Amino acid sequence: MYFRVQLLRGLYQSHRCSHQMKEAEQIKGIWTRSALLLFTSLILFSISAYFGIGNESLSKTIYDLSPNEFETIKALFGIGQVIQGILGSILLLFPPALYFWVFTHVDYKKLVIMQLFILTIYLIEQALSIPFHIVGLDQVSLPFSFGVIAQYLTDYELIINFFSTITLFKIWSIILQTTFIKVLSEKSTKISLLIVIPINLFIWIFIALFPYIKELL
């Protein structure tokens, strides 16, 4: 029995898809789908860079630089954003799959496929975020982000940044990962959640701290 990776089907038929993947002896389409998602990531982050999304900090230097210098720095910043986006997509695929393998000993390729579904959700979120950013909303104000609620509960920037990284799409990702881990490893829902939540929590904390890390560098 072989399993062909179908990204959208894995999102809305995750339980059935996970059972089919568990029984599969051969897997087809993993590298072509990986390349497709990385290309999609390139396109989305290029669009974000084109519209200047995420480079708000550069506006502080606009009066300190000549127009040519500012445009050069803006272009380099955009290129850096695109590279960062692609590297982020790669890191979302392989290291988490290795983490899940350590705790489940499920076939590593099958865990990479699971992360392909997660990357698909991530890119859907990225695509839907672009129009909101274009009209002037930042990450903490996105309608599907918990940062909106956090702004009403506290003025502490770090806490707001942390909750802004938690979105409805991230919750969807946790549900999907838990479903796949439960089926593939035959562990209980509770144990599957105990495996899934820490890695996601680590990623959310890292994203929340990333602006401060960049300033230190």
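Student: Is Tyr50 buried or exposed?

Tutor: Burial is read from relative accessible area, where buried means under 20%, exposed over 50%, and partly exposed in between, with a 1.4 Å probe and protein chains only. At 66% relative accessibility, Tyr50 counts as exposed, and Tyr50 lies in helix α3, helices here being DSSP runs (H or I, at least four residues) numbered from the N terminus. Please keep in mind that this is a predicted model, in which local features need pLDDT of at least 70 and side-chain atom pairs count only at pLDDT 80 or more, while totals for chains, interfaces and linings use all residues. Residues are numbered from 1 along each chain as its sequence is written, and side-chain values use heavy atoms, with hydrogens and water left out.

Student: Which residues make the nonpolar surface patch?

Tutor: Patches are made of residues with over 30% relative accessible area and no salt bridge, with like charges joined within 9 Å and nonpolar side chains (Val, Leu, Ile, Met, Phe, Trp, Tyr) within 5 Å; the areas come from the Shrake-Rupley method with a 1.4 Å probe, and for residues only the protein chains shown count as cover. Here Phe39, Leu42, Ile43, Ile47, Tyr50, Phe51, Ile134, Val135 and Leu137 form a patch of about 870 Å², to which helix α3 (residues 30-50) gives the most, with five residues.

Student: Which residues have the most contacts inside the largest nonpolar core?

Tutor: A nonpolar core is a set of buried Ala, Val, Leu, Ile, Met, Phe, Trp, Tyr and Cys residues joined through side-chain atoms within 4.5 Å. The largest one has 42 residues, and those with the most contacts inside it are Val5, Phe100, Phe117, Leu176 and Phe180. Among the elements that give two or more residues to this core are α4 (67-104), α8 (168-185) and α9 (189-216), while α5 gives the most, with 11 residues. Taking contact to mean heavy atoms within 4.5 Å, and leaving aside neighbours within four places in sequence, Phe180 is in contact with residues including Gly10, Ser14, Met114 and Phe117.

Student: Where is Leu142 found?

Tutor: Leu142 is found in the loop between α5 and α6 (147-153), and with a relative accessible area of 0% Leu142 is buried. Apart from neighbours within four places in sequence, Leu142 is in contact with Ser129, Phe132, His133 and Val148.

Student: How many salt bridges does the structure hold?

Tutor: Side chains of opposite charge can pair when their charged atoms come close. A salt bridge is a side-chain nitrogen of Lys or Arg within 4 Å of a carboxyl oxygen of Asp or Glu, and the structure holds two. In one of them, Glu186 pairs with Lys22, the closest N and O atoms being 2.4 Å apart; this pair links Glu186 in the loop between α8 and α9 to Lys22 in helix α2, 164 residues apart. Glu186 is exposed at 61%, whereas Lys22 is partly exposed at 28%. Glu125 forms a salt bridge with Lys170, with closest N and O atoms 3.0 Å apart; Glu125 lies in helix α5 and Lys170 in helix α8, so the pair ties together parts that are 45 residues apart in sequence. Glu125 is buried at 6% relative accessibility, and Lys170 is buried at 17%.

Student: Which side chain of opposite charge is nearest to Arg9?

Tutor: In this reading Lys and Arg count as positive and Asp and Glu as negative, with His and the chain ends not counted. Arg9, in helix α1 (residues 7-12), is buried yet has no salt bridge, and the nearest side chain of opposite charge, Glu23, is 13 Å away.
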